[in-house]
Amino acid sequence: MHILVSTTTASDLAETAEQSIDYLQKIVDYMISKAHILISALIILIVGWYLTKFACKIVRHSLDKTRLDASVTSFINSLTKFGLRALLAIIVINKLGVDTTSLIALLTSASLAIGLAVQGSLANFAGGVLILIFKPFKVGDYIVACGDEGTVVGIDVFYTKL
């Protein structure tokens, strides 16, 4: 039977305590350096959020002065809001030190895949937006289009009801 006896001396304990203090000091220094980045990213997020709201108000106010249909102005306003907030998110993520090139490539690939998947609907949407902007006809007009004819009952972004 063997008995293990620990022979820890005071100098060993002092050396371990000194190493622990050095390690804790390095952790505190690291956290302080990263806190500066976190605070600046938070400031960018807050200021950017209010700037996006302000820009969306300007866009909405400008679109209200035009003669565009309400659905077109709503779409443009929401598209502006989404785009600016996505840009803000990428800026904040980049400020935090994350490499955003792969994130942007992923978002671009996903956008392309979604765009190809809903290609027909996007064509209808674009046609509807053009009809609402240029107003070649209005509700109540009698039209003939592609062999179909009738009185326009309603014009929406994706389709026109005869």
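**Ground rules.** I worked with a predicted model, in which local features need pLDDT of at least 70 and side-chain atom pairs count only at pLDDT 80 or more, while totals for chains, interfaces and linings use all residues. I numbered residues from 1 along each chain as its sequence is written, and I kept in mind that side-chain values use heavy atoms, with hydrogens and water left out.

**Negative patch.** I looked up the negative surface patch and found that Asp12, Glu15, Glu18 and Asp22 form it. For patches I took residues with over 30% relative accessible area and no salt bridge, like charges being joined within 9 Å and nonpolar side chains (Val, Leu, Ile, Met, Phe, Trp, Tyr) within 5 Å; a salt bridge is a side-chain nitrogen of Lys or Arg within 4 Å of a carboxyl oxygen of Asp or Glu. Aspartate 12 sits in helix α1, which covers residues 10-65, where a helix is a DSSP run of H or I of at least four residues and a strand a run of E of at least two, numbered from the N terminus. I noted a relative accessible area of 37% for aspartate 12, which is therefore partly exposed (buried means under 20%, exposed over 50%, partly exposed in between, with a 1.4 Å probe and protein chains only).

**Positive patch.** I then turned to the patch of positive charge on the surface, where Lys53, Lys57, Arg60 and Lys81 gather, and I saw that α1 gives the most to this patch, with 3 residues. Lysine 53 belongs to helix α1 and is partly exposed because its relative accessible area is 40%.

**Nonpolar patch.** I recorded a nonpolar surface patch of about 580 Å², made by Tyr23, Leu24, Ile27, Tyr30 and Met31. Tyrosine 23 is in helix α1 and counts as exposed, because its relative accessibility is 57%.

The side chain of threonine 52 reaches the backbone oxygen of tryptophan 49 at 3.0 Å. Tyrosine 50 is likewise found in helix α1, but with 55% relative accessibility I listed tyrosine 50 as exposed.

**Pairs in sequence and space.** From C-alpha to C-alpha, I read 33 Å between tyrosine 50 and valine 118, which are 68 residues apart in sequence. For threonine 160 and isoleucine 131, 29 residues apart in sequence, I read 9.1 Å between the C-alpha atoms. Threonine 160 is found in strand β4, residues 160-161, and is partly exposed, with a relative accessible area of 26%.

Terms used. Areas by Shrake-Rupley, 256 points an atom, 1.4 Å probe, with all protein chains shown as cover. Lys, Arg positive; Asp, Glu negative; His and termini not counted. Charge placed at Lys NZ, Arg CZ, Asp CG, Glu CD. Polar contact = N/O pair within 3.5 Å; in protein donor to acceptor, adjacent residues only side chain to side chain.
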